[in-house]
Amino acid sequence: MAQLGSEQRPLAVAIVGSGPAGFYAAEALLKSELAVKVSLFERLPAPYGLVRSGVAPDHPKLKQAIKVYARIAESDDFHFLGNVTIGRDVLVEELQATHHAVVFACGAQTDRRLGIPGEDLPGSHTATEFVGWYNGHPDYRARRFDLSCETAVIIGQGNVAADVSRILAKSVDELRHTDIAQHALEVLAASKIRDIYVIGRRGPAQAKFTSKELKEFGELQDCAPVVDAEELALNPESEAELADKRSAGNKKVYELFVAYSKRAASGKARRCHFSFLKSPTALLGRERVARIVLEKNRLAGAAFSQAAHGSGESIELETGLVFRSIGYQGVPIAGVPFDAGRGVFPTVDGRITDEGAVIPGLYAAGWIKRGPTGIIGTNRADSRATIAALLQDLAALDGGADKGGTAAVCQLLQQRGVRYVGFPDWKRIDQSEIERGRPKAKPREKYTSTREMLAVLDA
Amino acid sequence: MTTVVTENCKGCRFTDCVTVCPVECFHYDDDMLYIDPEVCIDCSACIPECPVQAIYEEDDLPEELQGWVEINAEKASALPVCEEQMTPLPGAAERQAALGF
């Protein structure tokens, strides 16, 4: 029998998830010395994961990462299978029966919870829901956000919090020509939000924003950034952090906060307040959120490892709209071990483990492997590392039997009446979205349901 | 706008930046790395990765480093892509220390 990975017997690998981690895993396989066939599964008809439905619509250049993925998808050894949910339409064991290895790159699809009273009151949302909604993700198109109150509160000071705040802060004119979903544009056009509070658990020296993101708040048409100078006082540890040369990014962020604190009142219709050293302890209200209780924190610990501790002193803020943006976690798939504490698949060097023992042939890459940290490109190194481990295991992956690969799975799907979407199909949907956007001078008008996307293919 | 590798990379070439670039826009020669402005998507992920802070957004570029915009564009177009992290150049650690990092 020919060697696994030779032209006669290519290595068949299934990848679950078509975001950055999935595509970078495919790229690493296709660039290897071996003959490889990749089947990349996606539960939506549309590929690209968070680059399509996470990256903010007003950051179009960042979305150009898609060009890299589209190029990978053109390889003859690559097959996209959209509209297929693993664990429902096809079982993990069926992927194992048809492929030599399975790589999970399915991301972190839910938010972490705050675990405070009132968290589930109407008016309290996760950042994920809002981001998915304004980006036209089918799972979130039907969500309702009541922007009829004057004050919104965002819990968290990372890049997702920055996106959510900025979308709330921008005028409709600033968003009109982006690929924001039409339904979101309409709701945002009627927004009564005047004050947006962006709340950080730690201090201004520890905010996770990048200076680039923060700078955008100083350049908005109808919204001015507001920072209370008193909140910018630093303890000696934070001063030491900022004085360190490694903290160039944090220092730039801090300097922007200082500049914002010195700005004269702008007269702009909206204000975005950056506030520090506070943690929510409860959301109050009868039928919906009316107020948020924030406990003031103080920092303790050595420089670079300071943690926030509650001081016992609280303030209350009137608000009808709260978004929590404190990190994501993964969701389990039947047939794969899950670390519920960390919200990831347990792995060693990218190999999925059960009670510490490696399960042959199962791998993970991206957020489902390491947790929701890093940005698009971080997943490239991560996926390459996982694929390097997979290729080291080549001998063990060869069970001797031939694997049917993509064709075998397609046969299963056809038998089950599951309508899968190939890459040429996606390109038609993509083209149709672009054409729909043209009359409105938008880069595209996304289809926000699977039904609409499939209808394009039937037309 | 683009992102630019400057002076400090010369003689170091740590290539930490390459591990986070989503689009393979870094190119290299025997001295340093360069960013291809046609490919870079301005995600800025590389900037905090550089151990010697050689990378800037064009808008933040100090006056004396402005010339690097053109050097990056010219060099990158003619040089090979740096696909993954390489061993730093000999003497990189000493140069890093000399630069005060």
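This is a predicted model: local features need pLDDT of at least 70, side-chain atom pairs count only at pLDDT 80 or more; totals for chains, interfaces and linings use all residues.
In strand 14 of chain A, Val322(A) is the bridge partner of Val153(A). Strand 7 (residues 151-155) and strand 14 (residues 321-324) of chain A pair in the parallel sense, over four bridges.

**The sheet of chain A**
- Six strands of chain A form an open sheet with parallel pairing, in the order 6-14-7-8-10-9.
- Strand 6 (124-126) and strand 9 (223-227) of chain A stand at the edges with a single partner strand each, so one side of each is left without a neighbour in the sheet.
- From one strand to the next, the twist averages 20°.

**Helices on the sheet**
- Helix 5 (residues 127-134) of chain A lies across strand 6 and strand 14 of chain A, and runs at about 70° to strand 6 of chain A.
- Helix 6 (residues 159-169) of chain A packs on the sheet, where it touches strand 7, strand 8 (195-199), strand 9, strand 10 (270-275) and strand 14 of chain A.
- The direction of helix 6 of chain A makes about 175° with that of strand 8 of chain A.

- Helix 1 (residues 20-30) of chain A is mostly covered, with 10 of its 11 residues buried.
- Among the buried residues of helix 1 of chain A are Phe23(A), Tyr24(A), Ala25(A) and Leu29(A).
- The largest nonpolar core holds 145 residues, of which Ile15(A), Ala25(A), Val103(A), Phe104(A) and Ile154(A) touch the most other members.
- Leaving aside residues up to four places away in sequence, Val103(A) touches Val13(A), Ile15(A), Ala25(A), Tyr363(A), Ala364(A), Ala365(A), Thr386(A) and Leu390(A).
- In soluble globular proteins, nonpolar side chains tend to be buried together.

**Helices 16 and 17 of chain A**
- Helix 16 (residues 423-437) and helix 17 (residues 450-458) of chain A pack at an angle of about 105°, their axes being 9 Å apart.
- That angle makes helix 16 of chain A roughly perpendicular to helix 17 of chain A.
- Asp425(A), Arg428(A), Ile429(A) and Ser432(A) in helix 16 of chain A meet Met453(A), Val456(A) and Leu457(A) in helix 17 of chain A.
- By class, this contact has four nonpolar, one polar and two charged residues.

**Contact between the chains**
- In chain B, 16 residues are in contact with 18 residues of chain A.
- The side of chain B that touches chain A has nine nonpolar, four polar and three charged residues.

Notes. Residues are numbered from 1 along each chain as its sequence is written. Chains are lettered from A and ligands numbered from 1 in the order in which they are written. Axes are lines fitted to C-alpha atoms, for helices over the stretch in contact, and angles run from 0 to 180 degrees between N-to-C directions. Helices (H or I, at least four residues) and strands (E, at least two) are DSSP runs, numbered from the N terminus. Angles under 35 degrees count as roughly parallel, over 145 as roughly antiparallel, 65 to 115 as roughly perpendicular and the rest as oblique. Two residues are in contact if their C-beta atoms, placed from the backbone, lie within 7 Å. Ala, Val, Leu, Ile, Met, Phe, Trp, Tyr, Cys and Pro count as nonpolar, Asp, Glu, Lys and Arg as charged, and the others, Gly among them, as polar. A residue is buried if 20 or more other C-beta atoms lie within 10 Å of its own, exposed if 12 or fewer, and partly exposed in between; C-beta atoms are placed from the backbone. Two strands pair if DSSP finds at least two bridges between them. A nonpolar core is a set of buried Ala, Val, Leu, Ile, Met, Phe, Trp, Tyr and Cys residues joined through C-beta atoms within 7 Å.
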